[in-house]
Amino acid sequence: MRSDALAISSVFEANRARGAVRFDVHARDGVTRRGALHESGSLRVRFPSPEDDGLSGVFVNTAGGVAGGDRFDIEISAADSSRLTLTTAAAEKIYRAPGAVAQLNISLKVGADAHLGWLPQETILFDRARVHRRFDIELDNAASLLLCEIVVFGRTAMGERLEQGEFVDRWRLRRGGKLIFAETIRLDGQIGEKLARSAVAKAGAAIGTALMVPGDEALVERIREASGSFAGEVGISAWNGFAMARFCAQDAARLRADMMAVLACTGAALPRLWLN
């Protein structure tokens with residue numbers, strides 16, 4: 001590689017996006033209020049006017065997406081009896097990464113009798129995107145959590161598909177200090193070929209997960225009763241005091257519709273941005 005090309009490459013690497021948001025919320029007189037807030041880089045969070053006693057937050061990535069070598073860190077603590085719902089202003093786009101992987105690190109802590117809803121819009125992986133994502137979740141025994149994630153492999157509405165890339169998704173959930181769920185999903189190399197396999201996604205382009213704490217067989221049965229309206233494939237089960245639904249569909253629109261149908265069974269209120 002020529003010296004000028006090397007110089008351009010080093011400048012590119014040195015100018016990767018960094019963003020971090022860290023804040024806590026607490027309940028005062030039955031109303032959830034924000035505590036200390038730290039923002040840095042291209043990641044921001046805004047708090048629209050509350051509709052009830054809970055608090056809503058919307059993440060905004062001013063970088064316009066995530067590219068190779070970018071890193072974003074989110075750390076949130078919901079104190080006892082607080083109620084917080086979080087979403088994103090738009091779908092997050094993960095662009096092609098010829099070099100270093102992008103990193104997304106999310107840490108969530110929920111106190112006694114508190115509730116946290118993590119409901120971002122879709123994460124869209126472009127062809128040859130490379131991203132590692134990590135969730136570390138700590139719940140009090142009396143806390144509740146609703147965490148939903150949708151990942152789309154390619155911009156299906158534009159007729160684009162993801163053929164190659166790297167997607168590593170690590171989840172760790174602790175309740176009362178005890179690890180009750182641990183999972184790491186790794187898709188790399190010829191992802192398009194792997195998704196086409198019947199045992200993987202049967203050519204589906206969108207996958208999703210809804211984690212519901214607490215969750216039991218009664219919730220599972222309510223969701224199964226609604227299964228006749230699902231446009232894609234949905235599997236639901238409960239163990240260790242929580243329930244989990246898995247989704248797979250041909251495109252993001254169908255999966256989102258299925259996710260909304262499942263959330264309706266939980267009685268959860270969707271963020272306004274999901275309904276636009």
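Buried means a relative accessible area under 20%, exposed means over 50%, and partly exposed is in between. Keep that handy for these exercises on a predicted model.

**Exercise 1.** Work out whether Phe181 and Trp239 are buried, exposed or partly exposed.

*Solution.* Start with Phe181: its relative accessibility is 8%, so Phe181 counts as buried. Now take Trp239, which comes out at 34% and therefore counts as partly exposed.

**Exercise 2.** Classify the aromatic pair of Phe181 and Trp239, and say which strands the two residues sit in.

*Solution.* A pair of aromatic rings is described by the distance of the centres and the angle of the planes. Here the centres of Phe181 and Trp239 are 6.2 Å apart, and rings pair if their centres lie within 6.5 Å. The planes are 65 degrees apart, making this pair edge-to-face, since over 60 counts as edge-to-face. Next, find the strands: Phe181 is in β14 (residues 178-189) and Trp239 in β16 (residues 233-239). That's 58 residues apart, so the pair links distant parts of the chain.

**Exercise 3.** How many aromatic pairs are there, and how is the one between Phe59 and Trp118 arranged?

*Solution.* The count comes to nine aromatic pairs. One of them joins Phe59 and Trp118, with 5.9 Å centre to centre and 50 degrees between the planes, which is tilted. Phe59 belongs to strand β4 and Trp118 to strand β9, so this pair ties together parts 59 residues apart in sequence. Check the burial too: Phe59 is buried at 7% relative accessible area, and Trp118 is buried at 5%.

**Exercise 4.** Which residues do ring pairs link into a cluster with Phe59?

*Solution.* Follow the ring pairs and you get Trp118, Phe135 and Trp171 alongside Phe59.

How values were computed: Residues are numbered from 1 along each chain as its sequence is written. This is a predicted model: local features need pLDDT of at least 70, side-chain atom pairs count only at pLDDT 80 or more; totals for chains, interfaces and linings use all residues. Side-chain values use heavy atoms; hydrogens and water are left out. Rings of Phe, Tyr and Trp (its six-membered ring) pair if their centres lie within 6.5 Å; planes under 30 degrees apart count as stacked, over 60 as edge-to-face and the rest as tilted. Helices (H or I, at least four residues) and strands (E, at least two) are DSSP runs, numbered from the N terminus. Buried means under 20% relative accessible area, exposed over 50%, partly exposed in between (1.4 Å probe, protein chains only).
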